[in-house]
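Load the model and keep the sequence beside it.

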There are 2 protein chains.
Amino acid sequence: MSKGLPTRSENYSEWYNELVKKADLAENSAVRGCMIIKPYGYSIWEKMQRALDDMFKETGHQNAYFPLFIPKSFLSKEASHVEGFAKECAVITHYRLKNDPDGNGVIVDPEAKLEEELIVRPTSETVIWSSFKNWVQSYRNLPLLINQWANVVRWEMRTRIFLRTSEFLWQEGHTAHATKKEAEEETAQMLEIYAKFAEEWMALPVVKGRKTANERFAGADDTLCIEAMMQDGKALQAGTSHFLGQNFAKAFDVKFQDKSGALEYVWGTSWGVSTRLMGALIMAHSDDLGLVLPPKLAPIQIVIVPIFKGDEQLEKIAEKVAPIVKSLKAKGVSVKFDDDDQARPGWKFAEYELKGVPLRVAIGMRDLENNTVEIARRDTLTKETVELDGIEAYLIETLDKIQENIYKKALDFRTENTKEVNSWDEFLVKIEEGGFLMAHWDGTSETEDKIKDLTKATIRCIPLDSEMEEGKCVLTGNPSKQRVVFARSY
Amino acid sequence: MSKGLPTRSENYSEWYNELVKKADLAENSAVRGCMIIKPYGYSIWEKMQRALDDMFKETGHQNAYFPLFIPKSFLSKEASHVEGFAKECAVITHYRLKNDPDGNGVIVDPEAKLEEELIVRPTSETVIWSSFKNWVQSYRNLPLLINQWANVVRWEMRTRIFLRTSEFLWQEGHTAHATKKEAEEETAQMLEIYAKFAEEWMALPVVKGRKTANERFAGADDTLCIEAMMQDGKALQAGTSHFLGQNFAKAFDVKFQDKSGALEYVWGTSWGVSTRLMGALIMAHSDDLGLVLPPKLAPIQIVIVPIFKGDEQLEKIAEKVAPIVKSLKAKGVSVKFDDDDQARPGWKFAEYELKGVPLRVAIGMRDLENNTVEIARRDTLTKETVELDGIEAYLIETLDKIQENIYKKALDFRTENTKEVNSWDEFLVKIEEGGFLMAHWDGTSETEDKIKDLTKATIRCIPLDSEMEEGKCVLTGNPSKQRVVFARSY
Ligand SMILES: [Zn+2]
Ligand SMILES: [Zn+2]
């Protein structure tokens with residue numbers, strides 16, 4: 001019944017690829033590195049968007065939309081930004097096609113060459129800060145709290161569906177503030193929102209931390225992030241929030257008049273999460289039978305499968321089920337009654353397991369006699385027979401329990417696979433087992449690079465809430481004040 | 001108080017441009033033809049999206065996402081589609097930049113040339129039908145009812161903010177069906193949805209009709225559309241729904257096995273509306289003082305402006321207002337209490353008029369004594385003093401009345417400016433007055449072209465619901481069975 005899904009232990013990577021395809025989440029397109037997000041996958045993304053968008057708006061942010069194209073010269077304005085982003089980009093050089101004189105379809109019209117090439121946005125700091133310059137005159141225009149839902153393109157050589165694609169969907173927040181303190185608070189606030197979303201909606205525990213200088217966003221003074229652990233023990237960066245200092249303000253000359261009348265540069269932040277979260281969601285919770293979705297993000301939360309022979313039986317079941325469906329829908333539960341008579345119950349059970357529907361309710365003729373239904377939980381794969389009276393409340397309660405249980409399972413897994421490591425020998429052994437290694441580091445980029453070269457592990461972050469502790473760097477033995485998170489990562 | 005807005009009668013075109021800018025809806029960007037949709041404008045677009053998306057989902061459609069890029073060769077697969085769309089496109093030829101060896105920023109890396117150029121989608125039929133080929137095997141996979149919210153690019157030489165921009169936002173529906181009849185019904189259903197949205201949400205009366213062969217979508221067998229009249233008497237096409245026949249199915253070899261086991265080509269439709277609707281909304285209702293927004297799409301439906309001197313007075317007013325705001329919000333009304341003490345009431349009144357806030361409530365110390373408020377309607381510019389008791393219900397009722405009144409005003413305007421025309425001399429006079437001319441036409445493209453050359457008027461549509469009537473073509477005198485809508489257009 002596993003529809004030919006490889007198991008996680010056989011081949012985790014292949015399991016993921018096949019699951020994405022077989023559960024109808026997404027597929028690769030004819031354009032290398034660009035994916036097609038299919039309706040089932042997209043409906044999960046829509047739920048993510050809605051939840052995040054509500055949180056952004058509750059904290060005073062407004063959505064806007066900026067151009068897809070960036071003039072090439074804009075990228076060069078912020079010195080370290082250009083190093084990070086003006087590399088693997090989609091470059092538009094022409095604006096017209098014409099019929100091939102040889103009759104072979106269409107060719108690029110050489111006469112329609114752009115004076116300045118345009119880049120498809122890899123991120124929008126440059127185009128947005130060039131607007132901020134016109135939007136900000138006085139302290140009364142601040143803060144600017146802008147978010148954009150958009151597609152971006154980074155030409156990736158090695159792509160992986162949802163995790164690393166040339167085109168992806170995301171939101172990018174861009175804010176401007178009168179003071180450094182306010183911009184730092186915004187950076188921290190958005191990290192908290194991402195962590196809350198990951199934990200409460202995705203059922204995904206995350207470590208909140210600070211990136212080392214090596215891993216910082218190109219153009220930022222400080223990058224905060226949330227890091228999650230996948231079931232193969234690898235880390236996945238699930239969201240970042242950048243304190244930009246006055247870097248972009250200076251690059252794009254964005255100044256404001258403060259209350260005393262003096263002209264000052266503004267302070268900036270940017271922050272984003274992307275369809276990469278879909279990859280994290282799939283990898284964190286699913287099993288060898290298919291997707292396991294937290295109820296809050298499941299497109300179908302409850303499926304009701306009638307067990308019947310012939311129309312007459314189906315009608316009787318449908319009559320019993322109709323008021324339950326109605327009452328659940330009125331309470332905001334997404335419920336599907338699958339009365340398709342072309343597929344057998346067993347096939348349907350496997351299909352909804354594959355698709356990660358949190359609760360499956362089966363109801364047959366004997367259930368009608370006994371006034372019961374059979375309820376199957378996707379997360380625990382347990383079944384129970386339950387009285388029909390009060391079934392709606394029971395189902396809703398169970399959805400809550402599933403949400404909690406999925407989170408707890410992921411948290412337990414992370415706890416088991418997070419290890420303190422105190423010597424280099426130990427590091428070399430433990431890193432092969434996967435998971436997060438909490439180890440001392442001497443704070444230098446050299447050591448970080450060397451550890452990466454030797455083990456492929458990087459510093460995922462310097463945790464924000466970990467205790468200070470005197471220690472010695474796991475590689476060099478030099479003094480350290482805090483353990484950091486090492487892991488191999490996606 | 002008009003903030004320097006030109007009047008409509010002075011210069012309609014300039015009035016529109018300035019209004020878009022001064023009301024903070026959108027602005028031009030550094031990239032020619034690409035606009036920036038500012039938060040106030042974007043929040044109107046979000047309301048449009050939500051209402052449309054709900055209607056699409058209620059009729060069984062699902063959202064998905066397809067790649068931004070289209071391989072050049074895809075465009076050539078459907079013969080008439082390539083004629084229509086493979087012209088003014090953004091063409092990606094390279095995928096990498098590198099540092100300029102001369103030290104002047106970045107340049108295109110000549111070694112990173114794509115084997116096949118990619119086109120930024122001008123519309124997604126080709127990329128979507130190449131997926132449909134893999135999604136459809138049997139009648140059990142049909143219908144496919146897909147919608148996508150996306151950005152598209154058509155390189156426009158003469159651009160106009162919201163109305164014709166190189167990049168714009170839209171939704172594009174793409175469906176595949178087992179029978180011709182079903183696809184035709186889908187085409188008609190989506191036109192009805194667009195008409196309903198225009199009339200009930202945008203307060204915009206529309207003529208539902210069929211495009212002539214000249215104006216048909218490239219690749220369609222039939223194009224239905226809704227046409228609205230702007231205040232200058234010009235027509236604006238507000239949405240289109242295309243019956244694609246089996247054209248794309250044949251071009252992309254999309255076949256299905258029917259119940260008898262025979263292989264058949266599927267039947268297709270596509271349909272779309274775009275940020276052009278923002279232009280229609282602005283042009284249809286606004287006046288010389290600024291925007292006039294239908295309450296259902298207004299980001300702020302009610303603004304409450306306190307008239308006060310000093311903190312003590314403000315506090316008293318705020319106390320009185322707080323429960324009203326709370327109760328309105330609980331009823332889903334978007335309400336703002338503007339307690340800014342840096343701007344005068346008169347300035348605020350003008351500002352909210354400019355922004356098209358449907359209802360303005362002013363409350364001062366005398367109002368507190370009398371237990372009244374002053375209510376100003378944006379659509380009629382009338383004011384009245386109203387008792388505070390029961391104010392919430394009264395405000396909500398008034399919002400409904402404003403929605404109806406704006407629609408009625410636009411409908412009356414259209415009725416006054418729609419004229420039956422029976423001779424060529426009359427046509428030449430009336431077309432200069434603007435509006436819709438209902439005239440007989442002999443059904444040939446030649447006559448249509450000639451009328452366009454002579455008068456710049458095109459056939460906006462052959463109305464779906466107009467009576468059959470024997471007559472003679474207004475230009476050639478040849479026989480005709482039905483009047484069609486002629487107008488100059490955006
Ligand atoms: Zn981190
Ligand atoms: Zn029409």
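Begin in chain A, where Val303(A) stands opposite Lys336(A) in strand 18 of chain A. Helices and strands are DSSP runs numbered from the N terminus, helices being H or I of at least four residues and strands E of at least two. This is a predicted model, in which local features need pLDDT of at least 70, side-chain atom pairs count only at pLDDT 80 or more, and totals for chains, interfaces and linings use all residues. Residues are numbered from 1 along each chain as its sequence is written, chains are lettered from A and ligands numbered from 1 in written order, and side-chain values use heavy atoms, without hydrogens and water.

Now widen the view. Strand 17 (residues 302–306) of chain A pairs with strand 18 of chain A in the parallel sense, over three bridges. Two strands pair if DSSP finds at least two bridges between them. Both belong to an open sheet of five strands in chain A, with the order 18-17-19-20-21 and mixed pairing. Strand 18 (335–337) and strand 21 (383–387) of chain A stand at the edges with a single partner each, so one side of each has no neighbour in the sheet. On average, neighbouring strands of this sheet are turned by 25° against each other, direction ignored.

Helices pack here too. Helix 10 (residues 345–354) of chain A touches strand 17, strand 18 and strand 19 (359–363) of chain A, and its direction makes about 170° with that of strand 17 of chain A. Contact means heavy atoms within 4.5 Å. Axes are lines fitted to C-alpha atoms, for helices over the stretch in contact, and angles run from 0 to 180 degrees between N-to-C directions. Helix 12 (residues 391–416) of chain A lies across strand 17, strand 19, strand 20 (372–377) and strand 21 of chain A, at about 10° to strand 20 of chain A.

Next, the charges. Over all chains, there are 60 salt bridges, each a side-chain nitrogen of Lys or Arg within 4 Å of a carboxyl oxygen of Asp or Glu. In one of them, Lys38(A) meets Asp24(A), with the closest N and O atoms 2.9 Å apart. Lys38(A) is buried at 11% relative accessibility, while Asp24(A) is partly exposed at 30%. Buried means under 20% relative accessible area, exposed over 50%, and partly exposed in between (1.4 Å probe, protein chains only).

Another salt bridge joins Glu46(B) and Lys57(A), with the closest N and O atoms at 3.0 Å. This pair crosses between chains, from helix 2 (residues 39–58) of chain B to helix 2 of chain A.

Which residue forms a salt bridge with Glu227(B)? The partner is Lys211(B), with 2.8 Å between the closest N and O atoms. Glu227(B) is buried at 0%, and Lys211(B) is buried at 2%.

End at the metal. Cys225(B) (SG) and Arg460(B) (O) coordinate the zinc ion (ligand 2) at 2.0 to 2.7 Å. Cys225(B) lies in strand 12 (residues 222–229) and Arg460(B) in strand 24 (residues 458–463) of chain B, so the pair ties together parts 235 residues apart in sequence. Donors are N, O and S atoms within 2.8 Å of the metal (3.2 Å for Na, K and Ca); water is not among the atoms, so sites may look incomplete. Cys225(B) is buried at 0%, and Arg460(B) is buried at 4%.
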